[in-house]
Amino acid sequence: MKRTTSPATGVLLRTLTGVGAASLAIMMAWTIADVGLRAVAHRALDGTVAIVETLLVLVAFFALADCVARDEMIRVDILDNNVGRRTLAGLKFLGDVTTLAFLGLLIFTLTTPLADAWRFGDVKPDVPVPIWSLLAAIEVSLVAAALVVAARVLRTLRDRVGARQERVASTSVDEGPSS
C-alpha cells in the first residue's frame with residue numbers, strides 16, 4: 001500500500017481487508033463443501049446461498065476502503081494524454097470531491113434501513129443472520145472509504161496551498177528590497 005494514510009487508518013484498512021479475505025476463503029470453502037457433498041452424498045448444505053450472499057457483502061465492501069486508499073478504482077483515463085498536468089490534477093481533485101459527496105450520500109441514506117432492520121429484528125430467511133449486521137458492515141466500510149477520500153482531498157488542498165505559498169515566497173525574494 002502506498003504510504004498515504006496514517007498508521008491508525010492503515011490498521012483499519014488492513015483489518016477490513018483481512019476480514020474480507022477471510023470471508024472469501026470461507027465462502028470458497030463452503031461452496032466447495034456444498035458441491036462436494038452434492039456430488040458424493042447427494043446432500044446439500046443448508047443455507048448455502050444465504051451464507052454466500054452474506055460473505056459476499058463482506059468481501060466486496062470491506063475491500064472498498066483499501067482499493068480507494070491504493071487509488072485502484074476503475075476509471076476511464078480518456079483525458080490523461082489530452083489535457084495538461086494542472087488540468088488533469090484538477091479533474092482528479094474534482095473526482096475525489098465527487099466521490100466523497102457520493103459516499104456521504106450513501107452513508108446518510110443507509111442509516112434509515114439500518115435503523116429499521118435493527119428496530120424490527122429482520123433476519124435472513126435461511127440462516128439466522130440479522131440484516132442490521134450486514135447493513136452495519138456496509139456502513140462501516142463506506143465510512144472507512146469516505147475517511148480515506150477525505151484525507152486525500154485534504155492532502156491535495158494542503159499541497160496546493162503549500163505550493164502557492166512557496167511561489168509567493170520565491171517571488172518576493174526575487175524582487176529584492178525596493179528603494
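Reply: Thr54 is buried, because its relative accessible area is 12% and the cut-off for buried is under 20%. The model is a predicted one, and the values here are computed from it. Thr54 belongs to helix 2, which runs over residues 48–62. Leaving aside residues up to four places away in sequence, Thr54 touches Lys124, Val129 and Leu134.

The protein has five helices and zero strands. Along the sequence, the pattern is α-α-α-α-α.

Helix 1 spans residues 7–40. Its 34 residues should span 50 Å at 1.5 Å a residue, and the end C-alpha atoms lie 49 Å apart, so the two values agree. The buried residues in helix 1 are Gly10, Leu13, Leu16, Gly20, Ser23, Met27 and Asp34. As a general point, an α-helix has 3.6 residues a turn, so residues three or four places apart point the same way.

After helix 1 comes His42, with a positive phi near 55 degrees. His42 sits in the loop between helix 1 and helix 2. His42 counts as exposed because its relative accessibility is 71%, and the cut-off for exposed is over 50%. Asp71 also has a positive phi, near 60 degrees, and is a residue other than glycine. Asp71 is in the loop between helix 3 (64–69) and helix 4 (85–120). With a relative accessibility of 33%, Asp71 counts as partly exposed.

The largest nonpolar core holds 29 residues, and Ala65, Leu103, Leu135 and Leu142 touch the most other members. Helix 5 gives the most, with ten residues. Leu142 touches Leu64, Leu103, Leu106, Ile107 and Leu110, again not counting residues up to four places away in sequence.

Aromatic rings come next. A pair of aromatic rings is described by the distance of the centres and the angle of the planes. A search of the whole structure finds one aromatic pair. The pair is formed by Trp118 and Trp132, edge-to-face, with 4.8 Å centre to centre and 75 degrees between the planes. Trp118 lies in helix 4 and Trp132 in helix 5, so the pair ties together parts that are 14 residues apart in sequence. Trp118 is exposed, with a relative accessible area of 57%, whereas Trp132 is partly exposed at 30%. Another ring, that of Phe93, has Arg160 over its face, at 5.0 Å from the ring centre.

Last, the whole chain. Buried residues make up 26% of the 179 residues, and Thr54 is one of the buried residues. A compact globule of 179 residues would have a radius of gyration near 16 Å, but this protein has 23 Å. Along the principal axes, the C-alpha atoms fill a box of roughly 95 × 40 × 30 Å. Among contacts between residues at least 6 apart in sequence, 73% join residues at least 24 apart.

Conventions: Residues numbered from 1 in each chain as written. Predicted model: local features only at pLDDT ≥ 70, side-chain atom pairs only at ≥ 80, totals over all residues. Heavy atoms only, no water. Helix = DSSP H or I, 4+ residues; strand = E, 2+ residues; numbered from the N terminus. Buried < 20%, exposed > 50% of the residue type's maximum accessible area, 1.4 Å probe, protein only. Contact = heavy atoms within 4.5 Å. Core = buried A, V, L, I, M, F, W, Y, C linked by side-chain atoms within 4.5 Å. Phe/Tyr/Trp six-rings, centres within 6.5 Å; stacked < 30°, edge-to-face > 60°. Lys NZ or Arg CZ within 6 Å of the ring centre and 35° of its normal. Expected span 1.5 Å × (residues − 1). Rg over C-alpha atoms; globule rule 2.2 N^0.38 Å.
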